[in-house]
Amino acid sequence: MPGTATSAASRTATSAATRTRVPAAPARALGAAAERLEGLDKVTGAARYATELAHTPPDCAYAWPVPATVASGRVTAVDTAAALALPGTLAVLTPDTAPRLGEPDDPNLAVLQHHTVPHRGWYVALAVAETLPDARAAAAAVHVTYAAEPHDVTLTPDHPGAYEPQEANGGHPARRERGDAAAAFAAAPVHVDATYRIPPLHNHPMEPHAAYARWDGDHLTVYDSSQGAGPVHAVLARLFGLRRDQVTVVSQHVGGGFGSKGTPRPHVVLAAMAARHTGRPVKLALPRGHLAAVVGHRAPTLHRVRLGAERDGTLTSVSHEVTTHTSRIREFVEQAAVPARVMYASPHSLTTHRAVPLDVPTPSWMRAPGEAPGMYALESAMDELAGALGLDPVELRVRNDPATDPDSGLPFSSRHLVECLREGARLFGWADRDPRPAVRREGTLLTGTGVAAATYPVLLSPSTATVTALHDGGYAVAVNATDIGTGARTVLAQIAADALGVALDSVRIDIGSTRLPRAPLAGGSSGTASWGWAVHAACTRLTERLARHAGPLPVEGLTASADTTEEAGRTPPFARHAFGAHFAEVQVDTVTGEVRVRRLLGVYAAGRILNPRTARSQFIGGMTMGLGMALTEHSTMDPAFGDFAEHDLASYHVPSHADVPSAPDIDAYWVEEEDPHLNPMGSKGIGEIGIVGTPAAIGNAVHHATGIRFRELPLTPDRVLPALA
Amino acid sequence: MKPYAYVRARSVEEATAAHAARPGARYLAGGTNLVDLMKHGVETPETLVDVSRLPLDGIEELPDGALRIGATVRNSDLAAHPLVRDRHPVLSQALLAGASGQLRNIATTGGNLLQRTRCPYFQDTAKPCNKREPGTGCGARDGIHRDHAVLGHSPHCIATNPSDMAVALAALDATVHLYGPGGERTVPVTDFHRLPGDHPERDTVLEPGELITAVMLPARTAGLPSAYRKARDRASYAFALASVAAVLDVDDAGAVRHVGLAFGGLAHRPWRARLAETALLGAPPTEHAIAHAVDAELGLAQPLRDNAFKVPLARNLACRVLSELARR
């Protein structure tokens, strides 16, 4: 192992599992592998994204922002004369001339409201012109003068500016202590004490952040590429001093977000501002080169993990201490030590976060914030511990699986990590694995396999929805959900079909607009549960009303609504998390230091899987992003200039198709999990857990291949090759 | 947007005349690099002379066995050409290791030779760069330079040439055919690109208005064992951290009769490894001899703070490729 025989065996297992996974004749919509409802529209170009042609009236203008070229300081003057003299220029908004806005909760949205430059790339002006090239040329002609200040953009573990915040992202306490982790660590017969580093990472969805804004009198209409039209709506109303009914936000199709479109970003404010200032509809699609600085990033994290164990592998002490950066204007602390609180039983534990405010853009959400970097460190350390113990890494995790949540003491609503590990080991052919590192050589290639666990919390927000029984026998579901490519639209229709007891094709679903019933954003892997609960409740109510209804339907049909504020607000006395196990096989080229993934397997316990087709896509998509985090993706902060050096997709290396194994060498499975403590569908979120264990599984496989423990990502040749020498 | 004139040339003479008549003119072929740079304000031509429709899109075998490749032959077509695949596999492999399928379908042979460095400082008009704006300094030297040069750089510029194709052409002793105001001339591809020296703004020896019309692969390297190998951060669509093109001919006695060795990703131009070639010629290409020869070449390297890994990477690639060719 690994060899062709093993691969063949795992493929056989693959087909068997595939057969059992998809019901042969789905009597019900939920659990069926329904195709995306908008799939044909997307591949034929009929689906319209925020700034696509369908929204372009003849008088549409275009905006192009001007980024600051200093990392710290103040704008002292903006000379717009040359820009205004260019043909086609309509206006140049500056901190002196831009419309005044209300105070935003997020200081990043106070665009052109003051003269302070908190980081390089901060917008200091906005050119508006007749055409996109005119706008770009006008922006280039704006001359900005600064009073620059010295800047500091370099995160170090002993930075004097480090502080311990009250909370990390997600409302988690920055520090949790149980027992005496230091004393238990010192007393433990077997130790791991290791530091890990993860660089800044960027979401880079395929569709950039883009908005179209139009004012009709005092009514603002915005088409925005966003994960939630609702939050955009609320922020725009506040900033522009409008009643909620004076703002409409539409996010019908969104070309990815990965967290970076979770809350409003500066582009949508600028578009609305430019439209108001010029009296013209305005489109603003951020250029790729700006994204690194203005829409958020995963902050770099420095980890110290200390594990103490008995000789049989029983953990006695778990410490995970994280240092990260945040910006000067908004605290965002990647909650990377949080997953260590729930993963393993240990009587003694310490988990802390420290943040260093620097002259950098404000970090934000990126797929599995906290879990993705935190589990890379923790699961790498677990692999190191398995090596120190001479214990199989699957077995080590099984031995430390807790009966109750170690942090809260609550019982788990369901926890099937052990089943994921066992099933994954079976599918992957783990039993045949020779644990010795650096003994599998095929020519110049070293091969190895690795495992890591994954977790992601169950989150939920209140939502509303309505459903109407129509005269033609169809049902119209309305909810301001957002489908950012996940398949949410399809799964919500499936939920409705089952709750109504009708076929999927009799359900019409309308999402992605604030004209629809209020609903939360697509984030925290909580969308389907949150929206779906409201859809389920509305459909259940309509079914009851229809049962009581006699005679023909009224002209307007029969409508039922639901609001889950009460249900979603209840906190059940359970720790609720999804779990998973990732297995990777890598080859390391000893000539070049190139690492390539040969096989990648994820097995998940995530409640009931509502649509195997879209779920598999989410899982494998997450694993692919984790592959990028492990091997190819990184952003480099330039200490001299204070910006990220990678300005395009030629330099920010998301995995290409050639980096990703093709099925069945990459695949996702799940174990059946019945959990009555979640929502009426019995589902847990699946959008993020796929990324969580993948980097550590790949890193552990690289160790198995080479015998070298790398503790900094990504594993590019500049890092790997010198260590192989 | 800055207005520019657009001229579509119908002949080479018309193209060069149009170029000569208009200051600030640039030739446009596939545009995969030039148009990007125009969008970023790095290139600001007054006139684009479109040469993409010139009758330079043929690949022709000459009576002596040389291959004449028209300047507007697309990278995809060149890589797939049966004669190239059969007789110059290193060139086909290098082309297919570059860019993406979409880019290769539009990028041309001449344009590939003239693509600019992907140094992030060169591409960002808000930062200093002696290549883009002479005298402003080099942001990369003390900045982000993992991808930059280890050979032949100057205090003014540490940029690398990004082409894969040009590395293979260098190993194959290709020549570049030019037509310009001064008439026709031919330049060995190894002399076509410059080292940065005091004038990093000049990538090549092209005189103003000169147009690449063809690239010639000589008969003497046709059919010899050859190979290209590239190391990169991801498996596709990434520039070389280092690459090697090699042509190796061993005589019946087992001695090296001909060797062409060139490195990519290490310098401001494809780096023809003359020292290594001299060391290898006339002797059997043993593992030891190859390593000794490659080390002699890479002894010239002057790595920067963060790119020393390129030296052993290039060494490993060259030793591997030469050893594999020697075993054929």
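Buried here means under 20% relative accessible area, exposed means over 50%, and partly exposed is anything in between (1.4 Å probe, protein chains only). Everything below comes from a predicted model, where local features need pLDDT of at least 70, side-chain atom pairs count only at pLDDT 80 or more, and totals for chains, interfaces and linings use all residues. Residues are numbered from 1 along each chain as its sequence is written, chains are lettered from A and ligands numbered from 1 in the order in which they are written, and side-chain values use heavy atoms, with hydrogens and water left out.

**View 1. B:Glu43 and B:Arg116 meet in a salt bridge.** A salt bridge is a side-chain nitrogen of Lys or Arg within 4 Å of a carboxyl oxygen of Asp or Glu. Here the closest N and O atoms are 3.0 Å apart. B:Glu43 sits in the loop between α2 (34–39) and β3 (47–50) of chain B, while B:Arg116 is 73 residues away, in the loop between α7 (109–114) and α8 (165–171). Helices (H or I, at least four residues) and strands (E, at least two) are DSSP runs, numbered from the N terminus. Both ends are tucked in: B:Glu43 is buried at 9% relative accessible area, and B:Arg116 is buried at 13%.

**View 2. Shared partners make a salt-bridge network in chain B.** B:Arg26, B:Glu43, B:Arg116, B:Lys131 and B:Asp203 are joined into one network. Another chain B salt bridge pairs B:Lys127 with B:Asp124 (3.6 Å, N to O), and both of these residues are buried.

**View 3. In chain A, A:Arg120 forms a salt bridge with A:Asp643.** Their closest N and O atoms are 3.6 Å apart. The two residues lie 523 residues apart, A:Arg120 in the loop between β4 (116–117) and β5 (123–129), A:Asp643 in the loop between α16 (612–631) and β26 (666–670). A:Arg120 is buried, at 5% relative accessible area, and so is A:Asp643, at 8%. Over all chains, the count comes to 62 salt bridges.

**View 4. Four strands of chain B form an open antiparallel sheet.** The order is β9-β10-β11-β12, and two strands pair if DSSP finds at least two bridges between them. β9 (226–231) and β12 (271–272) stand at the edges with a single partner strand each, so one side of each has no neighbour in the sheet. β11 (residues 256–264) pairs with β12 over two bridges, and B:Phe263 has B:Trp271 in β12 as its bridge partner.
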